[in-house]
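Thanks, everyone. Let me put the model up, and then we'll walk through it.

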2 protein chains.
Amino acid sequence: MTIGIVGLGLIGGSLGLDLRSLGYRVVGASRKQDTCDRAVAIGAVDAAMTGLDLMRQAEVIFICTPLATMESTVLELIPHISSDTVLTDVGSVKGWVMQAVAPHWPNFVGGHPMAGKAENGIEAAQLGLFKGCAYVLTPNDQTPPAAVQQVEALVRPLQSRIYHCHPDEHDRAVAWISHLPAMISGSLVAACGSETDTSVLKLAQELASTGFRDTSRVGGGNPELGLMMARYNSESLVRSLHAYRDQLDKVIAQIEQADWAGLESRLQQNHNTRPDFVKCHQLGCG
Amino acid sequence: MTIGIVGLGLIGGSLGLDLRSLGYRVVGASRKQDTCDRAVAIGAVDAAMTGLDLMRQAEVIFICTPLATMESTVLELIPHISSDTVLTDVGSVKGWVMQAVAPHWPNFVGGHPMAGKAENGIEAAQLGLFKGCAYVLTPNDQTPPAAVQQVEALVRPLQSRIYHCHPDEHDRAVAWISHLPAMISGSLVAACGSETDTSVLKLAQELASTGFRDTSRVGGGNPELGLMMARYNSESLVRSLHAYRDQLDKVIAQIEQADWAGLESRLQQNHNTRPDFVKCHQLGCG
């Protein structure tokens, strides 16, 4: 069986490494010849080219391009493939994909492998990247169950934890645990940088340690990724941001009113609740 | 030379381990006999008791009790010590200490070793805890320079990075990089927990990964520590919280107004600014 991968970055390259190690033939496509050459060199694909001609050989094709170019990629792909080819994507927002991209192709399965690392691009691709990580599939009423099963059969041996859910549920959940953290973490960096007393600012920069480092990490990440979350998942993200602001306002009021009993019970509640979101099976997944 | 340590928790115990390894005799005091016994057993002190009698032997005494009991500890200590004894504390807020505690003793030097770990108490004490971490001394106009020099001479061999600054500058700086992160991180946990759709909440808990884990870590920490930051550094913390809220409001407005160019430049700015606060010498310090 031949698998296609369009977009040979971290996710596409890592999928290729895993699928080839499972015995599949993998063909790739990238806009840049250099990326095609690197993907072949590291063993992420058996063959790759800048056009989409190789994709006619593939039974299942993973679309691993950024959300912004996903629709045009699928439209460009359609003349090259037969009607029984299954397309699946790896985008981190699913409502928009299912509305804007999926209708172009009946055999389209929305997917989101929740793996990542600080580095991007084909050079960062690694075998086993998806092991232990969540892989969410988001079929809707139009998605053929056979296509979902075919993608799931390919993905299961990657040893990821497979979830099925509605695209909107996915987007609301990732707004809470991925897109909201990026925005509030970034606002920490912006707020600290707004200090106008330069001696306090310099001292803060010297004294910042693990607490600041961890809290600010996702906020200091790739600006393009952050922009994409906001742009393609704006409704759920705005909803989460307003709920967050309500909680922040309550903390500010408790401190301003010296309501220490109220603040203590809030901090205790946070301490008790956090472990529900932080489970050992997730360590290492991006 | 004999050093005293009042309060044998993580910081007091670790100071004892380091100072004994440097050849000093260390005497300790704790409210609990069991803690005194453990401190002797792990080699953090040469001797320890629940009363303050041993402290008359010490030339320099580190007050390592929580901020809430620091003033009463110093008042209790005074009848036991001679006028040339130097007292120094390890509290994480310095304006309040210099206003409420320091005036009781002329030879008082405010200090803040910025080390820590997830575990607390004497069992968590470790040799070399302060290595590479910041150790801030906050003398004011009344602090005798000789006392500052004496504390600095003891602390320098711990291989921490020593800073001198005004107590208020310290408090404003730690509000930015330590106390603000705790509050905004806790509000993330509270906001996610406020989701009323149980299937979205459960999915969020399943999908939460390293991004959520890091951003929420300090907010899910020890509630007593969080309360203490808010209580003893409320003025600087409220100031930082309002500046933070302004930044958050700007992000929300940019997303609501689909101002993607503005949002992208904001995210790029955060990406560029964060490294000023995250330096390699600080890795491993709490």
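A definition before the helices: a crossing is left-handed if the near helix is turned anticlockwise from the far one by less than a right angle, and right-handed if clockwise. This is a predicted model, where local features need pLDDT of at least 70 and side-chain atom pairs count only at pLDDT 80 or more, while totals for chains, interfaces and linings use all residues. Residues are numbered from 1 along each chain as its sequence is written, and chains are lettered from A and ligands numbered from 1 in the order in which they are written.

Start with a helix pair in chain A. α10(A), residues 234–256, and α11(A), residues 260–273, cross at roughly 145 degrees, and their axes come within 8 Å. Axes are lines fitted to C-alpha atoms, for helices over the stretch in contact, with angles from 0 to 180 degrees between N-to-C directions. The crossing of α10(A) and α11(A) is left-handed.

Which residues meet there? From α10(A), Val251(A), Gln254(A) and Ile255(A); from α11(A), Gly262(A), Leu263(A) and Arg266(A). Contact means C-beta atoms, placed from the backbone, within 7 Å. By class, that is three nonpolar, two polar and one charged. Nonpolar covers Ala, Val, Leu, Ile, Met, Phe, Trp, Tyr, Cys and Pro; charged covers Asp, Glu, Lys and Arg; the others, Gly among them, are polar.

Now the domains of chain A. The assignment gives domain 1 (2–165) and domain 2 (169–282); such bounds come from an automatic or database assignment. Their C-alpha centres lie 32 Å apart. 13 residues of domain 1 are in contact with nine of domain 2.

Next, chain A against chain B. Each chain puts 82 residues into the contact. On the chain B side, α6(B) gives the most, with 20 residues. That side has 42 nonpolar, 26 polar and 14 charged residues.

Last, α2(B), residues 33–41. Thr35(B), Cys36(B), Arg38(B) and Ala39(B) are buried. Buried means 20 or more other C-beta atoms within 10 Å of the residue's own; exposed means 12 or fewer; partly exposed is in between. Why are the four on the same side of α2(B)? Because they cover an arc of only 165 degrees around the axis. They pack against α1, β2 and β3 of chain B. The face turned away carries exposed Gln33(B), Asp34(B) and Ala41(B). Gly43(B) follows α2(B), with a positive phi near 85 degrees.

Terms used. Helices (H or I, at least four residues) and strands (E, at least two) are DSSP runs, numbered from the N terminus. The arc is that of the directions from the helix axis to the C-beta atoms. Two residues are in contact if their C-beta atoms, placed from the backbone, lie within 7 Å.
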